[in-house]
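Subject: Structure for you to look at

Hello,

Here is the structure I said I would pass on. Please open it and keep it in view while you read the notes below.

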Amino acid sequence: MAIAKAERLMNLALCLLGTRRPLSKRELRDSIEAYVEAFRPGSGATGSDDSFNRMFERDKDDLRELGLVIETVESLDGEVGYLARRDSNRLPPIALDAEEAAALGLVAKVWQQARLAGAASGALQKLRAAGLPEDVDPYEAHGALEPHIPVHEAAFEPLMLACRDRRPVSFDYRKATAARPEPRIVEPWALECWRGHWYLAGWDRDRGAERVFRLSRITGKVRNRSGKFTAEVPDVVTVRETVASWAGETADRSALIRLRTGSGYPLRAKAVSVRELGDGWDELEIPYGHGLDAWLVEFGPDVVVLEPAELRADVVDRLRAVAKG
């Protein structure tokens, strides 16, 4: 039913936009297939004239709510007609300066491996046709930089669509400290990329709390679930802060680690201080926040935690869990 109505509204809009003179209700009723099918003789529609008038008025009001400017014109003989003039329904000219065009170009290049790549490229072509200055090349701006966000996880696309559509999902998730994945039912809020890894922030129904999931630890397929969200979706800023906290970006203290020389460059970039120890090792002071233990485990034998003791214990526990399989 929703598809049939959308098609009827589209045909009505095209008819009103395509005519050079006002069209009467009778002409529109005979020209639009949906009206012809619904109110043809023998269709069973009772009070077909009144029913058509009510449907047409509803359709006309719906198009006006969508922003279509429909004029009502009365002819000399008193017949009422309708049309939508193109000049009244044309978008204003698009004006982009060099910086704005460059930003759009960067967005298109960032998503070069994702499903949005084609849409981004097509949008820029349309902007060019709509008047984007010929001397501005959004793809070449800042050519010394090649922005890139890796999207290798199979879960990315279904989760991106679920976030957009506000649709609950279920998937199997393996925590860093767990030997086997566990089923999760999540109301997805947003996807964020931190340190080259994608994270999903959302509401975990079984635990009744917000959680963040690393996409590389999602196993199997992401399945859509029926129904609506049960928890309120926070604003974008709150979601990003949650992701940052669970990814270890929020730090309120420091940790001291030993790092093998020539390795762990992401850790070195975060270091408050670095001291050479010799024998192929350096000592680093790095910010310590939630999630640091999981990050340090990724560097395996190249990292040794010196202090605090609780961080060292957490890393050891994670390594033992991984060793057990």
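Arg85 is partly exposed, with a relative accessible area of 37%. Please note that the model is a predicted one. The side chain of Arg85 forms a salt bridge with that of Glu71, with N and O 2.9 Å apart. Arg85 sits in the loop between strand S2 (80-83) and helix H5 (98-110), while Glu71 belongs to strand S1 (residues 71-74), so the pair ties together parts that are 14 residues apart in sequence. Glu71 is also partly exposed, because its relative accessibility is 23% and the buried class ends under 20%.

A second salt bridge joins the side chains of Asp62 and Lys5, at 3.0 Å from N to O. Asp62 is in helix H4 (residues 48-65) and Lys5 is in helix H1 (residues 2-18), so this pair ties together parts 57 residues apart in sequence. Asp62 has 21% relative accessibility and counts as partly exposed. Lys5, at 36%, counts as partly exposed too.

As background, side chains of opposite charge can pair when their charged atoms come close.

Some salt bridges share partners: Glu182, Arg184, Asp204 and Arg207 are joined into one network in this way. In the whole structure, a search finds 20 salt bridges.

Next, helix H7, which covers residues 156-165. Its buried residues are Phe156, Leu159, Met160, Leu161, Ala162 and Cys163. The cover over these buried residues includes four strands: S3 (169-173), S4 (182-194), S5 (197-204) and S7 (218-224). Just after H7 comes Arg166, which takes a positive phi of about 55 degrees.

Last, the chain as a whole. The chain holds eleven helices and eleven strands. Of its 325 residues, 36% are buried. The chain exposes about 19500 Å², and carbon and sulfur atoms supply 52% of that area. Among contacts between residues at least 6 apart in sequence, 56% join residues at least 24 apart.

Regards

Terms used: Residues are numbered from 1 along each chain as its sequence is written. This is a predicted model: local features need pLDDT of at least 70, side-chain atom pairs count only at pLDDT 80 or more; totals for chains, interfaces and linings use all residues. Side-chain values use heavy atoms; hydrogens and water are left out. Buried means under 20% relative accessible area, exposed over 50%, partly exposed in between (1.4 Å probe, protein chains only). Helices (H or I, at least four residues) and strands (E, at least two) are DSSP runs, numbered from the N terminus. Contact means heavy atoms within 4.5 Å. Accessible areas come from the Shrake-Rupley method with a 1.4 Å probe; for residues, only the protein chains shown count as cover. A salt bridge is a side-chain nitrogen of Lys or Arg within 4 Å of a carboxyl oxygen of Asp or Glu.
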